[in-house]
Amino acid sequence: MTQPAFVGRGTEFGVMERVWQDVSAGVRRVVFLGAEAGGGKSRFVVESALALHGEGAGVLWGGCVAEMGMAYDPFVEPLGTLLGAVYPDGDGPGPDPLAVQRLGALTGTRVAQPADGIRIEDLCRAVADILQWATTVRPVVLVLEDLHWAGPAALEVLKYVVRRCVDLPLLVLATLRSPGPSVSTELSAVISNLFAADGVLRLDLAGLDVADITTYLVRNSIVGSVHARQAAAAMRDSTGGNPFLLREVCRQLDKEALLAGRPAPISAPGAFAALVAERIGALPGHGRDVIRLAAVMGEEVDVGELSAAMERLVGERVSRAETVAALELAKVAGLLDATALEDAAARFPHALARQAVIETLSDLEQAQSHAAVALTLEDRPSARRRTIRLAAHYAGAAVLGFEAQASTYLAEAGDLTNAASAHAEAADYYERAARFAQGTRTRDELRLSAARSALLGWQCQRARSLDEVVAGSPDPELRLRAAIGYSSASWHDGQEVATARRLLADALLAPDDSPADLRVVATVCLARAHAWSGDAATGRLLGSSAIARAHELGDPEVLARVLSISLNDGSSFEQIDQTLERTRELMTLAQGTTMQVRLGRAHYHRCASHYVKGEPSELTAAARDLEWVADRARQPFWRWVSDAVAFGLALAHAELDRAETVLAQAIRDSEVVGHAVSGTDGLMTFALRRESGLPVGAAGLLPRPGDVGVWPPAALALAAEVRDAETCRGWLQHVMSGDLGHLQASASWPAALGYLVDAAVWLGDAAVAERLVPLVARYEGFNLLGSEFLHPLGSADLPLAMLESLLGRPEARAHFESALAMNERMGATLHIAHTLVAYARHLSTHPAPDVNAEALSARARVLAEDHGLVRVRRDLDELADRRRTPWGLTAREDEVLGLLRLGLSNRGIARTLVISEHTAANHVRNILMKTHSSNRTQAAMLRPPELCR
C-alpha cells in the first residue's frame with residue numbers, strides 16, 4: 001500500500017501558518033506536537049515541513065529512538081547535516097570553528113576525550129552558534145521527533161536553544177506522545193517550564209473524526225462515496241480515529257463486514273499484534289527470520305548488515321539478493337515502510353509495528369538475534385553508532401554467555417558518553433556494565449564510575465545509593481572511595497549527612513596500609529560532615545589535622561583537594577582570616593595548572609569572607625574570579641553560585657533591575673543543579689521583593705504561627721513586611737521559644753537574625769530585644785551575610801543599633817554611625833538607605849543637636865526615589881506619619897522643610913520628590929505661611945520640631 005492521502009488537521013495547519021508568519025519575521029517559535037502512539041504526529045510534521053520548505057524554509061530533521069540511541073538525540077542528525085555544510089578549513093563563511101569541533105563530540109563524528117574538558121554548556125552554546133549561522137541563509141525548521149525518548153543531556157540542549165535563540169528565524173517542531181507512561185517526569189517538567197518562555201505552544205492531535213475518515217476512504221478509493229460515511233462511523237468506533245490503526249484496518253479490509261458496520265476491532269488489546277503475527281506467518285522461506293531479525297536490529301536497518309547477520313543467525317549462506325527479496329515481501333505485507341529499500345535501508349512504518357514483530361520472538365530467539373547482530377558488528381569497525389549498538393546487542397545476548405562482552409562495551413559506551421558531558425546517560429551505561437561484570441572488584445569499580453557520573457549529572461540520591469553498596473566491600477580502598485563519594489553527594493544536596501559521617505568513620509577504621517591519600521581526603525570529608533551536622537568544633541579539629549597530613553604527603557593535587565574541602569569544616573567568621581589563608585594557599589597551588597578551574601569553592605569563600613570583613617576591592621576581585629571559574633568549570637553548581645553572588649551584590653547596590661535579571665538566570669541554572677539549591681530561589685525572591693514591592697495578595701500567603709513545612713524566620717519576616725502584628729508576634733514567640741542553636745548552626749542564621757531584629761523592633765518587644773543584643777553583638781564591626789550570598793544584610797552594627805535604640809541605650813548612636821560608615825565603604829546603597837531611615841527613627845525619640853534627622857530622611861528619600869526602594873519609602877512614610885509639628889505641617893511639607901535645610905532650590909526639591917516645580921513652590925509657600933517665616937532662609941533656620949511617637 002502506498003502512502004495514503006492526508007486528510008483533516010485544518011485547525012492545526014492554521015496554527016502552523018500563524019506560527020510561521022512570526023518565524024518569517026525573525027523570531028523563534030516552538031511547537032510541541034502531542035498525540036497518542038500512531039496518532040499521526042510524524043505525518044503531520046512531514047506535511048508541515050513540505051509546505052514550509054515550499055515557502056523557502058530550510059528543514060533539519062532528527063529523532064529519538066527507544067533504544068540504541070545517542071545521548072544527544074534528536075539533535076545528532078540535524079547537527080550532522082549542518083556540519084556537513086560547513087566549509088572545510090574555514091574556507092568561506094561559517095560558524096565558530098571551536099563550536100564545530102565541539103559539535104563533533106555531540107554528533108559522534110569525533111570522539112571526545114576527558115582532556116578536552118567539554119561541558120554540556122559548551123555544547124549548548126555550540127548548537128546555538130551553528131543554528132544562528134544556519135538561519136542567516138534562510139528561516140529554519142528544526143524537527144525533533146519522539147522527544148519522549150530524549151535523555152537528560154538532549155533536554156538540556158533543548159532548553160538552551162529555546163531560551164537563547166529567541167531572535168532567530170527558527171521553528172522548533174517537536175513531537176511527543178501524549179502524557180502517559182512513555183513520557184518521563186523530567187520531560188514533563190521541562191516542557192511545563194518552557195511554556196513560560198515567549199512563543200512556545202503545544203498542539204495535541206485528537207483522533208480523526210467521522211468526516212475526516214469519510215474523506216480518507218474516498219480519496220484513497222477504499223469505499224465509494226455512497227457508503228463512505230457509514231463505513232467511516234464504524235471505523236471511528238473500531239480505531240478511535242487513530243491514523244495508524246485506521247491504515248491497518250484498511251489494509252485488512254473486509255468490505256462486506258465494513259459496510260455492515262462490523263470492521264475488525266483493531267484497537268482492542270492484542271488485536272494488532274495478532275494481525276502482525278499473521279502477516280509474518282504468511283512470509284515464505286527466510287522471510288520470517290529476516291523481518292524479525294530486522295526488528296531486533298532497530299527501527300531503521302542497513303540491508304548489508306542485515307544480510308550478514310542473517311548468515312550468522314541461520315548458519316548458512318544468505319545472499320544479499322535473498323535478503324532484499326524477503327524485505328520486499330515484508331513491505332508488500334505492510335510490515336515495512338512504503339519507502340523501505342530506496343536507500344539500502346529497511347524502515348518500519350511505526351514503532352508499534354516493530355514492537356509487534358519483536359513480540360513474535362521467544363526470549364531465546366531474541367537473544368540469538370542479538371548475538372548474531374553483535375558478532376556481525378564486531379567485523380564492521382566503521383559501522384554507524386558501533387559502540388552503543390554493540391553494548392545493546394551483547395547485553396541482549398548476555399544470557400547466551402556474552403556477559404563479558406556486554407560489560408566491556410557498556411563501559412566503553414559510558415566512557416564515550418561521559419567525555420561528551422552526558423553524565424546521567426553515562427551513569428546508566430556504567431550501572432548496566434556492572435550487572436554483567438566478571439568479578440566483584442570490577443563490578444564495584446563500575447558502580448563507583450556510575451556514582452561519579454550520576455553526581456556530575458546532579459543525580460545525588462542515585463550516586464549515594466551506588467556508593468553505599470560499594471561501601472560494604474571488603475576492599476579497604478574501595479570502601480574509602482565509596483565513603484568519600486557518598487560524602488560528596490551529601491554535600492551537594494545537603495541530604496543524608498549522618499550516613500556520610502558513619503560511612504567515613506567506618507572506612508577510616510580500615511588497616512593503616514590503605515592508601516594514605518584516600519585516608520586524608522576521607523578525614524577532611526569527615527570534618528565537613530561533622531560541621532554540617534552541627535558539630536563545628538570537631539569539624540575544625542579534623543580539618544586542621546587533614547591539612548597537616550596533606551602537607552606531609554607532599555602531593556599538590558591531594559593538598560589542593562583537602563584545602564578545598566576544608567573550607568566547609570565548620571570554621572565560623574571568627575576564623576575568617578584562617579579561611580582566607582587557606583584560599584590563598586589553594587590559589588597558589590593552582591596557579592598555571594588545570595586546577596584553576598576547580599577553585600570555585602575558594603573564590604566563593606573569598607567573596608563571602610571579604611564581604612563580611614567589609615573589603616569591597618577584594619570582594620570585586622573574588623567575584624570576578626568566581627565568574628571566570630563558573631564559565632569554565634564542568635559543574636553547573638558553580639555557575640549557580642556565581643549567579644547568587646552577582647544577585648547579592650546587585651541587591652546590596654540597589655540595582656533592582658539587574659538583581660531581577662540575575663535572579664531569573666539563577667532560577668534557570670538551579671533547574672540543572674536541582675535539589676542541591678532547593679529553597680534558595682524562594683529566599684532570593686523574597687529578599688528582592690521586600691525591597692521592590694511584595695506582590696498583591698502576599699498577606700494571603702502568610703502561614704499561621706507553628707505551621708509545619710515553612711522556615712519560621714521567613715514566615716516571621718513576611719508577617720512583618722505585610723504589617724500583620726498578631727501573626728508577626730506569634731511567629732516571633734515561636735522562634736524565640738524554639739531551638740535557636742539549630743538556627744545558629746545553619747548558613748542562613750545571619751539572615752534569620754536580621755529578620756528577628758526587624759520584627760522585634762517593629763513590635764517594640766524589649767524583652768526579645770534584650771535576648772537578641774548579645775547574639776548580634778558577636779558580629780559587631782562586620783557585615784551580615786545569609787547563605788550563599790542569597791541575602792546580604794549590610795553592617796551588623798545597624799541591627800545592633802536598632803535594638804539599642806529600642807532599649808534606650810546610649811551606644812546606639814555610635815553604632816548607627818559605624819553602620820553608615822561600613823555601608824558607605826561597601827557602596828551598599830540599599831543598606832545606606834535603611835541605615836538613614838533607622839537613624840532618623842532613633843533621633844525621633846533621642847534627638848541630638850548635632851545630627852539633622854530631617855536631612856537623614858531627605859537623603860534616604862532621594863535614594864528611595866532614584867532606585868525604586870519601596871520598603872524604604874514605606875518606612876519613611878511611617879516615620880513621617882509619626883511627626884507632630886507646632887506649625888501643623890503635613891508629612892510632605894515636613895519633607896520639603898527638611899530639603900530646605902539642605903539648601904535645595906525649588907527645582908532640586910521637585911527632582912528629589914519627583915513632583916513638579918510648581919507643586920514644590922506651593923509647598924514652600926505653605927511652609928512660609930504656617931511657620932510665619934519671611935523667607936525660605938528663615939524657615940530653614942527654624943529649630944527642628946520636637947519629634948515623637
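**A helix pair and a parallel sheet**

Helix H25 passes helix H26 in a left-handed crossing; a crossing is left-handed if the near helix is turned anticlockwise from the far one by less than a right angle, and right-handed if clockwise. The model is predicted, with local features requiring pLDDT of at least 70 and side-chain atom pairs pLDDT 80 or more, while totals for chains, interfaces and linings use all residues. Residues are numbered from 1 along each chain as its sequence is written, and side-chain values use heavy atoms, without hydrogens and water.

Helices (H or I, at least four residues) and strands (E, at least two) are DSSP runs, numbered from the N terminus. H25 covers residues 516-532 and H26 residues 536-553; they pack at about 160 degrees, with axes 7 Å apart. Axes are lines fitted to C-alpha atoms, for helices over the stretch in contact, and angles run from 0 to 180 degrees between N-to-C directions. The two helices are therefore roughly antiparallel, a term for angles over 145 degrees. Their contact (heavy atoms within 4.5 Å) includes Val520 of H25 and Leu542 of H26.

The sheet is open, with five strands in the order E2-E3-E4-E1-E5 and parallel pairing; two strands pair if DSSP finds at least two bridges between them. Strands E2 (58-63) and E5 (200-204) are the edges, each pairing on one side only. Six bridges join E2 to the parallel strand E3 (residues 140-145), where tryptophan 61 stands opposite valine 143 in E3. Helix H6 (residues 152-164) lies across E1, E3, E4 and E5, at about 145 degrees to E4.

Terms used:
Parallel < 35°, antiparallel > 145°, perpendicular 65-115°, else oblique.
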